[in-house]
Every structure is written in structure tokens, then in C-alpha cells.
Amino acid sequence: MKWIQAFNTAGESTTLAQMNYGKTATVGNFSPPVDGTIKKIAIFIGHEAATSLVEDVRIELESTDWKPNRLEFLAAGAGLRTAPAVPLVPAVYDVNLPMFKNTSLRGDYIHDSGAPVTSRIRVLFGFE
């Protein structure tokens, strides 16, 4: 299995917002570099500072090749990240989703509880 970073964000949105694609700081859809099948989706919640505060995060991924077209994935933060902070374990989902070079994928996120501070989210695809 190979892994690729599909989306990221370094923001705090309490309304549904589109993520940056790949490793860029540009909001937009992710264009897969190859045709394949996504077997795992991993959601990493990072922390930028000792005062980082992240609770619940919902990631919504969308493709016209999936049925249903829009899927939701959840990840939990760990509250206030005071030093020394224990690393968070990523939320990993087993899936079987097609991806094609000619079909871009959309990624949205929302912090659906609390008031997030200095949050960073990364979404990786494990694919074959």
C-alpha cells in the first residue's frame, strides 16, 4: 500500500469549509496522481502550540465516482494540549473507494464542538 496526503488545513472553522489540497496552502480539490483504490483514510489532528485546543472534527469527502457521493469521517482531538502533550493517534478508516486521475476529490472539514485554537488537520489516503 502507498500513502499520499490528499488534504490539509491549518485553520479553525466552526462552519463547513473546503480544505487545502495535497500539501499546499491552497484551497481546492485534490487530483489523484494515479488510478487506484483507496483502502484506508487516515485523519491526523496536530497541534501547533502548547495551548492548542481541538475537540471533535468532521471530514467530508466527495467524489462523483462514489455512492453515496459524499462520505463523513470523524476524528477526536484531546482538549487543551498543554506541554508535555501526548501525541494523538490518527483516526483510520478501512474503505474501498475508487480514485481516478480524471476525477478530482473534494474535502471539507468542520470543528463541530468547542472553540478550536491552533489546529492542524491532515487527511491521507492509503491506496493500491
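A search of the whole structure finds six salt bridges, a salt bridge being a side-chain nitrogen of Lys or Arg within 4 Å of a carboxyl oxygen of Asp or Glu. The structure is a predicted model, in which local features need pLDDT of at least 70 and side-chain atom pairs count only at pLDDT 80 or more, whereas totals for chains, interfaces and linings use all residues. Residues are numbered from 1 along each chain as its sequence is written, and side-chain values use heavy atoms, with hydrogens and water left out.

One of these salt bridges joins the side chains of Lys40 and Asp94, with an N to O distance of 2.4 Å. The pair links distant parts of the chain, 54 residues apart, since Lys40 belongs to strand β4 (residues 36–47) and Asp94 to strand β7 (residues 91–99); strands (E, at least two residues) and helices (H or I, at least four residues) are DSSP runs, numbered from the N terminus. Lys40 is partly exposed, with a relative accessible area of 25%, while Asp94, at 63%, counts as exposed. In these terms, buried means under 20% relative accessible area, exposed over 50%, and partly exposed in between, as computed with a 1.4 Å probe on protein chains only.

Two further salt bridges have Arg70 as a partner. In one, the side chain of Glu60 meets that of Arg70 at 2.7 Å, N to O, and this pair links strand β5 (residues 52–62), which holds Glu60, with strand β6 (residues 70–81), which holds Arg70, across 10 residues of sequence. Glu60 is buried at 6% relative accessibility, whereas Arg70 is partly exposed at 28%. In the other, the side chains of Arg70 and Asp108 meet at 2.2 Å, N to O; because Asp108 lies in strand β8 and Arg70 in strand β6, this pair ties together parts that are 38 residues apart in sequence. Asp108 counts as buried, with a relative accessibility of 2%. Salt bridges that share partners join Arg58, Glu60, Glu62, Arg70, Arg106 and Asp108 into one network.

Strand β8 pairs with strand β2 (residues 17–18) in the antiparallel sense over two bridges, where two strands are taken to pair if DSSP finds at least two bridges between them. Within this pairing, Asp108 of β8 is the bridge partner of Gln18.
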